[in-house]
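Hi,

Here is the structure I promised to pass on.

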Amino acid sequence: MEQKVICKNCSAPLDYRDGDTIAVCIYCNETNKFGEEKVTDEHYCLDLFIEQQNVRSTLVGDLLKIPGVSDNIETGLIIKNMNLIYLPFYITQIHGNVRWKGVGRDAEFSGHDGKGYTNIHFITKKEEGVFDDLITVVKYDSDKFSEELKQHNIAVIGRKFFSEGEIKNKGGKLINEKSDFKKAKNDALKELKKKHGKKLNDELMTVEEKVEDYKIIKSQLIHVPFWEVEWLEPNIDEPKKALIDAASGITVQADIPSRKLFMIFSYSMIALYLISSIIGGLVLLYYDTVLGESQVYVSETVSLRENVERRFGIFILFGVFMSSFIIRLTFKDKVKFSLKGGFKLTFEDKFREKMT
Amino acid sequence: MSVTAMESSCPTCSATSPVNPEDVVIACNYCGTVYTIGKEKIADHNFYQPKYSLAEAEKKIYKFIKRKTRFRGFNSYGGLKIRKTLVPYWVFLAEVKSFYNGYGRYTRTETKRDKDGNVVSQKTTTYYERRTGNFEDEKVDALICRLGARIFGLDKLEKRIETMIRTKPLQPFNQKELLDDMDKISFLSGEITSYEAKEMLETKIQDEYRLKAEKACTELFDCRTHVNVKNMVFLHYPIFIAEYTFGAEKYRVLVDGVSGDVIDAEIPITTRLRVASFIMLLLLFIVNINYTFIQPIENDNVTAMMLFTFFALFAGYKLTNLLFGTVSRGS
């Protein structure tokens with residue numbers, strides 16, 4: 001079996017067969033010796049799973065799954081422009097071993113009040129240990145579609161050695177990688193170091209000794225084919241875009257066809273639930289003001305006020321939750337909630353809607 | 001740069017098998033021997049006999065989709081494409097010893113009431129306690145032997161394999177048994193060596209236990225996890241990957257080849273189903289109004305109220321998903 005091994009001096013591919021221990025580069029005459037330290041930077045490309053004639057049906061099939069999209073897309077969608085582009089991804093496997101010694105934290109507890117300790121004192125202690133990890137880092141390495149492809153998992157089954165001629169034969173356009181293997185390896189190293197740094201931070205207050213041993217196991221550059229599509233929906237002149245992973249058939253991202261009726265329906269549902277919870281809130285406020293001091297009991301344990309609060313509480317809760325479900329589904333991941341940042345609009349999802 | 005046709009000769013029978021450049025663990029297409037690119041045989045190579053032939057699996061999926069889409073309009077179903085694949089896994093039996101030490105902070109509120117039940121005073125106290133944990137577990141873990149893998153329903157498959165290994169003994173790999181099955185079956189060779197797999201497993205388990213410890217404590221002081229791999233084998237696990245069309249849309253199904261169960265499937269949401277969900281959602285809204293405004297206010301059944309709230313939220317969530325979602329999942 002022939003293996004793709006590159007020259008450690010000029011990175012040109014070497015003609016190398018099983019059992020060979022030495023190979024001389026035909027370009028720069030560097031003698032490469034193979035022992036443990038064989039250079040295994042590899043460059044691959046993936047085969048097409050979705051051919052040009054299947055792009056339209058893949059796109060239409062995915063668009064029709066979106067609620068509110070009209071069925072006439074199936075017959076009326078026109079592909080205006082379609083490009084096959086090969087985008088670069090690095091896959092790097094890195095192993096790291098860190099032996100560390102230092103001063104860590106511990107605690108002592110005092111002031112037992114019969115139920116538990118009310119005081120804590122932090123103390124220090126000597127600690128040592130080892131972190132030993134192997135991780136795989138996959139990184140997209142171009143500025144083109146960088147937002148869209150940040151979260152995309154590539155399928156890498158059926159790799160072939162990279163061949164620019166073959167890509168050109170298929171009518172593909174090669175998008176060159178932004179950085180090189182060195183940078184990809186460095187990024188992987190940074191990622192593992194960050195992980196170890198975080199763990200070390202958990203364990204130690206002061207690091208006294210740290211012996212690090214990081215080693216790249218393998219690093220590969222893979223050019224993955226994508227279909228960059230420009231399409232028109234029936235009766236609308238403005239072109240829309242889509243990006244389809246041609247190696248797996250997954251629609252990475254697509255503009256959504258216009259669906260006004262559905263959006264009106266969706267907004268009305270949201271309004272219905274929001275208004276219902278506001279009404280509930282107002283009624284509750286009214287009862288609360290009027291019955292605020294009331295000591296009327298509907299049963300032995302439950303006062304009238306408590307009962308009213310419970311009933312309207314459910315009503316408000318239901319309204320708020322339902323409207324948030326609908327918002328989440330209608331806008332997909334465009335609306336994201338984080339504890340720190342509150343609600344945030346993002347366009348990282350598979351489908352995006354132009355707010356026209 | 002030339003593209004080389006890749007072939008590898010088997011150390012047992014010398015037959016050549018086509019291989020992909022990324023393969024590091026290769027299965028011989030003739031005698032089934034599994035070996036590394038360095039021609040080192042992997043002795044412990046196992047598999048499970050697929051339960052169904054392609055035709056049987058096709059029937060099974062047909063029935064499944066028919067059952068799931070009974071009320072959605074089954075007529076649009078068609079164009080089933082199915083593939084039988086053996087997916088490579090490294091399977092581990094590992095002994096895990098883990099210890100953590102940290103502290104936890106919690107508060108307790110005491111409320112004093114007078115005879116009439118009115119609140120007189122409230123006092124909140126913060127308490128601290130040591131939190132430690134000591135685990136000794138025996139884990140069965142399956143790690144897919146591919147560097148990048150995009151198989152529909154992969155996460156569910158992994159859990160399935162882990163339980164399958166515990167209940168059903170592994171069969172030593174036997175190419176003949178597979179050849180008896182006349183269907184075309186595709187092998188995936190492995191991309192991760194045993195050394196890499198072992199290291200990756202250790203990282204995975206250590207991260208898992210550290211996360212568990214971090215969740216248990218306000219602050220974690222120490223966490224040590226030791227993984228001892230007692231046994232590791234190479235397993236080819238059979239799956240059926242299928243794609244069917246529903247009108248112009250394409251959907252995917254993953255079937256566990258050993259038990260024959262549908263593990264994960266995309267099921268279309270049709271207009272008919274969306275209309276039905278909308279009507280149900282309106283009904284739920286009306287019931288909610290009735291419960292809040294119309295029922296006599298003296299009705300103070302708290303348990304009924306709680307149950308209704310849970311039901312309404314759950315049903316509301318499900319129905320909203322059907323009304324506004326793109327595709328539903330089922331197994």
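**Notes on the model**

Let's start with Thr125(B): it counts as partly exposed because it has 13 C-beta neighbours inside 10 Å. The cut-offs here are 20 or more other C-beta atoms within 10 Å of a residue's own for buried, 12 or fewer for exposed, and partly exposed in between, with C-beta atoms placed from the backbone. Before going further, please keep in mind that this is a predicted model: local features need pLDDT of at least 70, side-chain atom pairs count only at pLDDT 80 or more, and totals for chains, interfaces and linings use all residues. Residues are numbered from 1 along each chain as its sequence is written, while chains are lettered from A and ligands numbered from 1 in the order in which they are written.

Thr125(B) is found in strand E7 (residues 119–144) of chain B. Helices (H or I, at least four residues) and strands (E, at least two) are DSSP runs, numbered from the N terminus. Setting aside neighbours within four places in sequence, Thr125(B) is in contact with Thr118(A), Thr107(B) and Arg108(B); contact means that the two C-beta atoms, placed from the backbone, lie within 7 Å. Tyr106(B) is 19 residues from Thr125(B) in sequence and 8.5 Å from it in space, C-alpha to C-alpha.

On the interface, 68 residues of chain A are in contact with 54 residues of chain B. On the chain A side, H7(A) gives the largest share, 16 residues. By class, that side has 35 nonpolar, 16 polar and 17 charged residues. Here Ala, Val, Leu, Ile, Met, Phe, Trp, Tyr, Cys and Pro count as nonpolar, Asp, Glu, Lys and Arg as charged, and the others, Gly among them, as polar.

Now for strand E10 (residues 219–246) of chain B. Strands pair if DSSP finds at least two bridges between them.

- With strand E5 (residues 45–47) of chain B, E10(B) pairs in the parallel sense over three bridges.
- Strand E6 (residues 77–113) of chain B runs antiparallel to E10(B), and 25 bridges join them; Phe92(B) has Met232(B) as its bridge partner in E10(B).
- E11(B) (residues 249–256) is antiparallel to E10(B), with eight bridges, and Glu243(B) has Arg252(B) as its bridge partner in E11(B).
- E10(B) and E11(B) form a hairpin with two residues between them, and Gly247(B) in the turn has a positive phi of about 70°.

Leaving aside neighbours within four places in sequence, His236(B) is in contact with Phe47(B), Leu86(B), Pro88(B), Phe173(B) and Phe187(B).

The largest nonpolar core has 92 residues, and those touching the most other members are Leu59(A), Val224(A), Ile244(A), Tyr89(B), Trp90(B) and Val255(B). A nonpolar core is a set of buried Ala, Val, Leu, Ile, Met, Phe, Trp, Tyr and Cys residues joined through C-beta atoms within 7 Å. E10(B) supplies the largest share of this core, 10 residues. Apart from it lies another core, of 17 residues, including Met269(A), Phe315(A), Phe325(A) and Leu319(B).

Best wishes
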